[in-house]
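Here are a few exercises to work through with the structure open beside you. Try each task before you read its solution.

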Amino acid sequence: MNEYDSDFVSQYLINMGYMPIEDPAEADIILINTCTVREKAEHKAYSLMGRISSLKKKRPWIKIGVMGCIAQQEAENLMERFPGLDLVIGPRDIYEFDEIIQRVLEGEKIVSTKLDIIPRIPALRDDFFKGKVKAFISIMQGCNNFCSYCIVPYVRGREVSRPPHEIINEAKFLVSHGIKDITLLGQNVNSYLFNDNGKIIRFSDLIKLLAEIDGLLRLRFTTSHPKDLSDDLIDCFYTLNKLCSHIHLPFQAGSNRILKRMNRNYTREHYMELVRKLREARPDIAITSDVMVGFPGETEEDFQDTLDLIEKVRFDSVFSFKYSDRKGTKASMMPDKINEQEKLKRLKTLQELQKRITLDINKRYEGRIVEVLCEGRSKRGDLWTGRNSQNKIVNFRSDKDELPGNMVKVKILKGYANSLFGEKYYVR
Ligand code: 5AD
Ligand code: SF4
């Protein structure tokens, strides 16, 4: 999401004649995009703000801004803490970025954190996607769920879905500029719903419309909420070849008692049933997830329920976090906080279990042939790299120059914890 937002403002700045550069010490405008979902990300952002603000000592004319969720939450406080800032702009306000940045360049200091701005089409520059094969489209903003631990509904506002014709035009533009793999984005992507003059367009309807675009090879979406994973969406995994065999479906906890306290609105039984239906629709589907340990009041038994769910589902991979208090959320006011040491212990146990499962799943790819959308040279330089439908990184040998954007058949020789390795497969 933040990457999409950064690209969104970048394209406006390029339109105004600016050029992206690597070294912030040489930039004339610096925008720091921030996340406040977890404590760790917030600390990182504050230390970056300190370092970037000091660049003004040497180059007082530069403009420095903070965008994203910390901007939304802290607003004026940020200007007070870092007087060098010229702009504090919330996630919804970037849709008015062109007007706001103009005023900043004229010398105004601006704090803009309105949450009621309707999402707009990005500036979409022709040259922006050169050499890229994957892109994101933000199809909805905000969240109405108010999970008790989560700051997102407070900093990103209520849910609003973009009109389907805008999304389709954006996708067509991307495809005509070489993009083959599109990920639809939203905090709660599968609750997408648009009333098009009385005609209701559900998320599954939108996916079907997008799958018709010629030249688009792959469609993905993230992040889904289990309570909104409807049968019509699961059906798309039966019928749409372009829909990739991957779903990111955060479960957060394996204990029904904790799920209730989290206000997640599903049970572990419901979650497992969704997994069963997804695998029935698409046997090779990769399922990834988010999970938290140490939610207030989480007992050893609750934690064992989480481990048990992980063992039963066998996720392809899991992002796991220690619960952290977020200011103003319900969970932050709950008693029975778990101490840091215990949280760390649970996190380590969980991560060891998941690592074993991920490695085991990836090893089962050895000997199989997968289709990889080539993205270019791998980091090491002597291999090619891309992803398979399951979104796994595949590094591979080839005796030919592979073109980014080409679909390549690869025989997997080795499965690792974070990637697969193989060689180009020639059909004899
Ligand atoms: N503490 C720890 N993890 C959190 N997440 C969201 N809020 C918190 C919090 N207060 C995690 C959830 C979510 C992911 C994006 O971040 O697992 O799915
Ligand atoms: Fe946060 Fe996701 Fe829950 Fe919304 S659905 S409140 S973004 S965890």
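A residue counts as near a molecule if one of its heavy atoms lies within 4 Å of it. Keep in mind that this is a predicted model.

**Exercise 1.** Find out which residues surround ligand 2, and sort that shell by class.

*Solution.* Start with the cysteines: Cys-143, Cys-147 and Cys-150 are among the residues around ligand 2. Now sort by class: the shell has seven nonpolar, two polar and one charged residues.

**Exercise 2.** Work out whether strand β8 is enclosed or open, and which strands pair with it.

*Solution.* First, look at burial, where the cut-off is under 20% relative accessible area. Five of the five residues of β8 (residues 181-185) are buried, so the strand is largely enclosed by the rest of the structure. Second, check the side chains: Asp-181, Thr-183 and Leu-185 point one way, while Ile-182 and Leu-184 point the other way. Third, look for partners. Strand β5 (residues 134-138) pairs with β8 in the parallel sense over five bridges, and Ser-138 sits opposite Leu-185. Strand β11 (residues 218-222) also pairs with β8 in the parallel sense, over five bridges; here Thr-183 faces Arg-220.

**Exercise 3.** Is Ile-369 buried, partly exposed or exposed, and which nonpolar patch does Ile-369 belong to?

*Solution.* Locate Ile-369 in strand β15 (residues 369-377). Its relative accessibility is 39%, so Ile-369 counts as partly exposed. Now look at its patch: Ile-369, Tyr-425 and Val-427 form a nonpolar patch on the surface. Together they have about 270 Å² of accessible area.

**Exercise 4.** Is Leu-350 buried or exposed, and how far is Leu-350 from Gln-304?

*Solution.* Leu-350 lies in helix α14 (residues 340-363). Its relative accessible area is 0%, so Leu-350 is buried. For the distance, compare sequence with space: Leu-350 and Gln-304 are 46 residues apart in sequence, and 9.6 Å apart from C-alpha to C-alpha.

How values were computed. Residues numbered from 1 in each chain as written. Chains lettered and ligands numbered in written order. Predicted model: local features only at pLDDT ≥ 70, side-chain atom pairs only at ≥ 80, totals over all residues. Heavy atoms only, no water. Patch = residues over 30% accessible without salt bridge, like charges linked within 9 Å, V, L, I, M, F, W, Y side chains within 5 Å. Areas by Shrake-Rupley, 256 points an atom, 1.4 Å probe, with all protein chains shown as cover. Salt bridge = Lys/Arg side-chain N within 4 Å of Asp/Glu carboxyl O. Helix = DSSP H or I, 4+ residues; strand = E, 2+ residues; numbered from the N terminus. Buried < 20%, exposed > 50% of the residue type's maximum accessible area, 1.4 Å probe, protein only. Nonpolar A, V, L, I, M, F, W, Y, C, P; charged D, E, K, R; others polar. Pairing = 2+ DSSP bridges.
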